[in-house]
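Please look through the sequence and the model first, and then read on.

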Amino acid sequence: MLSELSSENAEAVRLRILVVDHNPERASVVRQALVDIGGYMVEVAPKAGDLLALLRTAQPDVLIVDLDLPDRDTIEQLRVATRERPRPIVMFVDQSNSAMMHAAIEAGVSAYVVDGLNAGRVRPILDVAIARFKAFEALRQELDQTKSQLAERKLVDRAKGILMRAKGITEEEAYDRMRKTAMKEQKKLVEIAQSILTAADMLR
Amino acid sequence: MNGDLTPIRAGFIPLLDAAALIVAADRGFAAAEGLRLELVREVSWANMRDRLMLGQFDAAHMLAPLAIAATLDPDQPDMAMTAPMALGLNGNAIVVSAALHADLGDAAIGDPGDPKVTAAALARVVAARKKRGAEPLVFGMVFPFSSHNYQLRTWMAAAGIDPDRDVRLVVLPPPYMAEALAKGQLDGFCVGAPWASVAVTEARGRILHFGVDLIARCPEKVLAVRSRWAADNARSLQRLVRACARAAAWCAVQAHRAELVAILAAPERLAVGRETIAALLDGRLVIAPDGSTRAHGQFFILDGAASLRPDRRHALWLYAQMVRWHQVAPSANAQAKAGAVYRADLFDTALQDAAADDGIGAFAGPAFDAENLDVYLKALTGSAIA
């Protein structure tokens, strides 16, 4: 059950925030950033699973959810008020600022608040979440890039080896040939390397 | 050459009825229409709706009632959706725990394959639990606006069970269903293929009914786009619909089965075992942990214009369910808007110049009609003379 406090009373007490994120490192960074601002009680859950039970025990005013988790669909059910839950939670969409929702979804995060909570109080929380999620996304992309660069270099090295043996040329000459072919055919070096490996494999 | 293709970004959820969209992208049907169809796998319908709304997706594999609900959402006036094509019919199943299955078996009077019999049995089980003060049974479904929700409710209500009072209905993502059933957090659920099969093998659940037992022709997912996008990109939309319709026709050809299974089973698509997918396409499902199976030719219907062409009655039936279960307030305006989400006219326009609709695709002359050779020949001789 979500907090039953009226919004006036809620202004006086610390907001309870629940962060549901499958990435524990990111969750703890978000948590720390929120704690640093002060005025919040922050709880973290790695995976919702039984989100309804989690909400009942945590009773958050604000819910931050990782978009990579399928749990958002469960929250959709809570957007409707029922006897059991008179204050529904609503998705945080500041009508004056749809750019913020765009930024949040882009960053991979979504936020929900209990109905009646002042948007001004939620804004800084969402700002923090978006910023931290974005930073993590940038980091992940960098890592992916490094990984793929490494994999590409391995392919090129293997193709070089095949050319050197087949043609009896030096490593430098082999590399030069591949580079020239790539330029002539307007392809990436790694694509040429892949062609050599495929051909070598078929001819073996 | 790739530079000439029009890029289209579409989201899909790894479910069997994403087949038309997946095959359109992976088997060249989109490219043949001049489209570079990029598919993005999504994990939740809420993400799908938001990304479509924000323009991060051009098109989406979407729950038909969600497309209607988003169109009717008073908080999002710019959110009107258009469904120029349905992505098949049926495909759901109701799964119950071994314990509930046993209780239903004890309470059933008559053929346990008849949903009226099982619903009445469920009503008795529910009443008995209430009497001894037990917690209400908990049933899972995938989204508030889903045919899964309406199928469960239709089934229960047929025996006088109030789904909002006598049991608990909860939304749970399909990947969590089997685990929740095994842990006893759920007593049953309704999901699309392939998730029912997963729960039988992983959680010792029992498939009680196929969706088709309850609703013979149940609307499921549609190809959804923003109405504004549809208006601004009429040509691209026609091409997309054509590509998906041709892909669906290709899927229906038995000779393509092995290739279809391989395409769908791929890790970046459904990521489910080939045998499971092949069985689902045959409408043959393992229904109990002992390995016993049941087959139904209409378990999932993908092919044929009747399952792809948006049927306005389907949109209105879904709207009626939303009204029945108090999800939307009824009004003439809402009803008209709901019906207008399904755009058979766009489907027809897109397929008008689809040459091979008659199975032949001659470049000139009347469409071939295998059932009326006389009419066909008369039309031919007529035009030849003129």
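Domain bounds, as used below, come from an automatic or database domain assignment. This is a predicted model, in which local features need pLDDT of at least 70 and side-chain atom pairs count only at pLDDT 80 or more, while totals for chains, interfaces and linings use all residues. Residues are numbered from 1 along each chain as its sequence is written, chains are lettered from A and ligands numbered from 1 in the order in which they are written, and side-chain values use heavy atoms, with hydrogens and water left out.

Q: Which residues make up domain 2 of chain B in the domain assignment?
A: The assignment gives chain B a domain 1 made of 2–89 + 219–252 + 302–354. The centres of domain 1 and domain 2 of chain B, taken over C-alpha atoms, are 29 Å apart. Domain 2 of chain B is 92–214.

Q: What is the area buried between domain 1 of chain B and domain 2 of chain B?
A: Contact, meaning heavy atoms within 4.5 Å, links 20 residues of domain 1 of chain B with 18 residues of domain 2 of chain B. Buried area is the accessible area (1.4 Å probe) that two parts lose on being put together, summed over both. Carbon and sulfur atoms give 67% of this area between the two domains of chain B, and its value is about 1500 Å².

Q: How many salt bridges are counted between chain A and chain B?
A: A salt bridge needs a side-chain nitrogen of Lys or Arg within 4 Å of a carboxyl oxygen of Asp or Glu. A:Arg72 forms one with B:Asp50, where the closest N and O atoms are 2.4 Å apart. Between domain 1 and domain 2 of chain B the count is zero, whereas between chain A and chain B the count is two salt bridges.

Q: Which element gives the most residues to the side of chain A that touches chain B?
A: In the contact of the two chains, 24 residues of chain A meet 27 residues of chain B. Helices (H or I, at least four residues) and strands (E, at least two) are DSSP runs, numbered from the N terminus. Across this interface there are 13 residue pairs in polar contact, both residues being at pLDDT 80 or more, where a polar contact is a pair of N or O atoms within 3.5 Å, one of which, within protein, must be able to donate a hydrogen and the other to accept it, and residues adjacent in sequence count only if both atoms are side-chain atoms. Helices H3 (51–58), H4 (72–77) and H5 (98–107) of chain A each give two or more residues to that side, and the most, five residues, come from H4(A).

Q: Where in chain B does B:Pro194 lie?
A: Most peptide bonds are trans. The bond that joins B:Ala193 and B:Pro194 is a cis peptide bond, with omega at about 10 degrees. The place of B:Pro194 is the loop between strand S9 (188–192) and helix H9 (195–203) of chain B.

Q: What is the phi of A:Gln59?
A: Most residues other than glycine have a negative phi. A:Gln59 is in the loop between H3 and strand S3 (62–66) of chain A. Although A:Gln59 is not a glycine, its phi is positive, at about 45 degrees.
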